[in-house]
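Hi,

Here is the structure I said I would pass on. Have a look at it first, and my notes follow below.

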Amino acid sequence: MALLEVKHLKKIYTTRFGGTQVQALTDVNFSVEEGEYVAIMGESGSGKTTLLNIMAALDRPTGGEVLLEGKNLSSIPEHQMAAFRRENLGFVFQDFNLLDTFSLRDNIYLPLVLSKKHPDEMEKRIRPLSKLLGIGELLDKYPYEVSGGQKQRAAVARALITKPKLILADEPTGALDSKATDGLLKVFEEINSQGQTVLMVTHSTRAASHAGRVLFIKDGSVYHQIYRGRMRNEDLYQRISDTLTVLATGGKHHE
Amino acid sequence: MNKFFYPRLAFQNIRKNKSIYFPYLLAGSMITGLYYILSSIAVMVVKSGAKGSSTMGYLLELSTYIAAFFSVIILFYINSFVMKQRKKELGLYCILGMERRHLSLMMMWEVALSFAATLVLGILFGCLMSQMMFLVLMKIVHMQVELTFQIPLRSVVRTAGLFLGGYGLILLYDILVVYRTNPITLLKGSRHGEREPKARWLVALAGLAALAGGYGLAITCRSAVEAFNVFFFAVLLVIVGTYCLFTAGMIALLKLLKGNRHFYYRPENFISVSGMMYRMKQNAAGLASIAVLSTAVLLVAGSCTSLVVGEEDVLKRLFYRDGEVQCVGEGSDVGQVRDGVQAHARTYGVEVTDESWHFATYHTMRRSGDQMDFDLKGGVPAAVSCITQEDYNRESGSDLKLAPGQAAVWTNFSVPEERITVGRYEYRITERVEYPEFVINELNGMIDEALLIVPSMEDLKGLLENEAEYNRMFVPELRLVYRYNLEGGADRQRECFASMAEGLSGSVPTLKHVDDIYRARDDFYQLYGSLFFVGIFMVLLFLIMTVMIIYYKQITEGFDDHDRFRIMKQVGMSDREVKKTIDRQVRQVFFLPLLTAYLHIAAAFPAVCQLLTMFQMNQKGLFAVCTVCAGLLFALFYLTVYRLTARTYYEIVRG
């Protein structure tokens, strides 16, 4: 059984006074196996963020369903949703979303504190993580004292510390310079190689070229997908670029 | 460019920033209205020409200056909040290509519009309310005056002048802000990279010491004089302590809490503690101001109310009988006074009843132990009065039989031995008595007091001669106190009392002082009623200021917390948890000043009780009840304001 299954997902936004309707997702189908590293690509307005929000249970679909380990997200009652999200999903955002009133350590602890874990347990979990992410020295600094790349690593640590089944990353490299981007992508590869399932939404070809599989979304449905197979990152990069060109031009320029 | 461009822009700005400007304009109108009311009532009181209206008019006039001072300060304070909120907008205008002089012109129109709106609304509100408030004042001071609707031009002009000046200052401030505006930093907002506040232990400790000192002074003072001497200093200490503890002490405390892992890493404390730390950094001064203002409101309200409510008891204590005649010097004769009073009463067709009289001496002395000296060096101040056993036995219906050298005493200090020395006379104490009702006591526990009941008139004369050796400036004299009631029509009684001094001046050569309860009551209500009335105004002004601080705090914090709570929701907090956390934080922050105010009041209570004895008010219970009532009403008011403003806050946080 797949870890995550998305079936016939549909989302329609209606303007406040019921006037125009906007179809963000028409019919999205795909699944993610455990241990996979999947990138979802698409242009702005293609429905990427809507899709991510629904998978994160931050938004409800108009039709279709999302199953995590066979469990339908819509079946989880509202009051258990936050706890469910906290325990099963980890989030990494484009703008880090660290709280500026907390040190990096406290930012990373936040989900554990909410789950009422013992302080000793928190400390036990943070040690290997901070080593893996190379932020061991920075834990007692505040977000405004560290670089963007370091902030994003802290955010990754916060996502991982609950040992989630699935990491959802929304444009994680969007606010980073190229060096920090490389570093972060290595981190994702590293945690993926340790068995962590990662689902990343991006429109950066470079970021996507590190994934094991790339899905392309256009006009609210999955348009195409590429498996890495035995390709190196550079080859995958080329394939993604080609596909994006086709997507952008609608394939009409292939004379 | 259209010549109405700036006025229109200013008008639109005010309309767009409704949530910021509406309370500002409302408060401005109310402050203007209050000032106008006070000023116009001062005029109306003088115009009414009633008895005692000139003193009251003077008092009210005086208080308008104080009110003017506070009004301008409050307006200025609110305006600075408004400007803080609008900095980003100003930055945007800069980016869009408006120069600073254009912005200044725009600000000028905004201030002018605000001024015009608040003045018109304020005076309108003032005109309506002033008539009612005038009646309220007349009711409080027990005067009967016919109400004629009037709008004193003088007050309108003064109000307009004052607020023209006030808004002028505000405009200057705004222009200063515009010129110091750096558009880029303004657009970015100031929150980015805000450091975690440092714990300033020294300041925190100093605050704690100041607060403890102030509390100590207030709690330990034993007499009214002492209270009067230390009160101002104690208030100063408490204010300093409050500000220090709010700015540094709270942060230090939170740091301590944060250091405790098991306390800190719990959902209910985790977010509050660190959130509070930043909140305290930004809002400490505002919260401390609320605490101090609330304390002021409660103190003024509690003491003024207890004074006015408790007055009848004070009068009953001071006036053993409705009327009183005092004569001073050798040759004062009861028969003479009695004849004079009766003759005067007869001309008004009323009858003299319940007469009571006694001779007494009053000495200002110094006390060390049970030794009283006329020499005013060393020791503590003490007031000693003496009466004869003849007068005492007659008036109180007792049966003292004192031999020469013996005395019955009452003291408010302890005399452990059975003897007491007054000047060169030593008395053996044969009996200790309750303070006799018929003897005047105006000191009321402010300093050490003793009352001696001595065997005969010779003792009184001896004491007077003894004092005369030391006190050559004011030769002490024997005093005759004659008191009486009248029976007959109430109006005739009042007239008789009112003209008693003239009636006696011919027939009683040693006449010193004539008084009656009606005159005292009128005087009292005119003075303290006016004070009470002015107190109400001050309380209203302080309340407006408090409400405004609370409101703008909620708004600023709402904007700050908006992002924070969005993140928390994404990280895995449910809506309910977010709401609970918000509630907790807001409650902690906003009820802190109220609790502080209550604590201050509790500490100040003994000192204020002592102070009130200066106004002849010594019913601690009544003052306690009045203060508690004021406290409860204030809490209710505070809660309402909090509820109303919290709604705005949630809208901002969730929006």
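Into which domains is chain B divided? There are three entries: domain 1 covers 1-192, domain 2 is built from 195-308 + 541-655, and domain 3 runs over 316-521. Bear in mind throughout that this is a predicted model. Between the C-alpha centres of domain 1 of chain B and domain 3 of chain B there are 56 Å.

Next, a helix pair in chain B. Helix α10 (residues 267-318) of chain B packs against helix α17 (residues 575-613) of chain B at an angle of about 35 degrees, and the two axes are 6 Å apart. The crossing of α10(B) past α17(B) is right-handed. As for what sits in that contact, its residues split into 18 nonpolar, 12 polar and 3 charged.

Then the cysteines. How many disulfides does a search of the whole structure find? The count over all chains is 0. Take Cys221(B): the closest cysteine sulfur belongs to Cys609(B) and is 9.5 Å away, so the two are too far apart for a bond. A disulfide would need the sulfur atoms within 2.5 Å. Cys221(B) is also buried, at 2% relative accessibility. Cys304(B) is likewise in no disulfide, with the nearest cysteine sulfur, that of Cys626(B), 10 Å away. Cys304(B) counts as buried too, its relative accessible area being 17%.

Over in helix α4 (residues 100-140) of chain B you will find Arg101(B). Is Arg101(B) buried or exposed? It is exposed, with 52% relative accessible area, which puts it over the 50% cut-off for that label. The side chain of Arg101(B) makes a polar contact with the side chain of Glu99(B), at 3.1 Å.

Last, some backbone angles in chain A. Glu69(A) has a positive phi, near 50 degrees. Glu69(A) belongs to the loop between β4 (63-68) and β5 (71-72) of chain A, and at 40% relative accessibility it is partly exposed. Lys116(A), which is not a glycine either, has a positive phi of about 60 degrees. Its place is the loop between α3 (104-114) and α4 (119-133) of chain A, where Lys116(A) is exposed at 64% relative accessible area.

Cheers

Conventions
Residues numbered from 1 in each chain as written. Chains lettered and ligands numbered in written order. Predicted model: local features only at pLDDT ≥ 70, side-chain atom pairs only at ≥ 80, totals over all residues. Heavy atoms only, no water. Axes fitted to C-alpha atoms, helices over the stretch in contact; angles between N-to-C directions. Helix = DSSP H or I, 4+ residues; strand = E, 2+ residues; numbered from the N terminus. Left-handed = near helix turned anticlockwise from the far one by under 90°. Nonpolar A, V, L, I, M, F, W, Y, C, P; charged D, E, K, R; others polar. Domains from an automatic or database assignment. Buried < 20%, exposed > 50% of the residue type's maximum accessible area, 1.4 Å probe, protein only. Polar contact = N/O pair within 3.5 Å; in protein donor to acceptor, adjacent residues only side chain to side chain.
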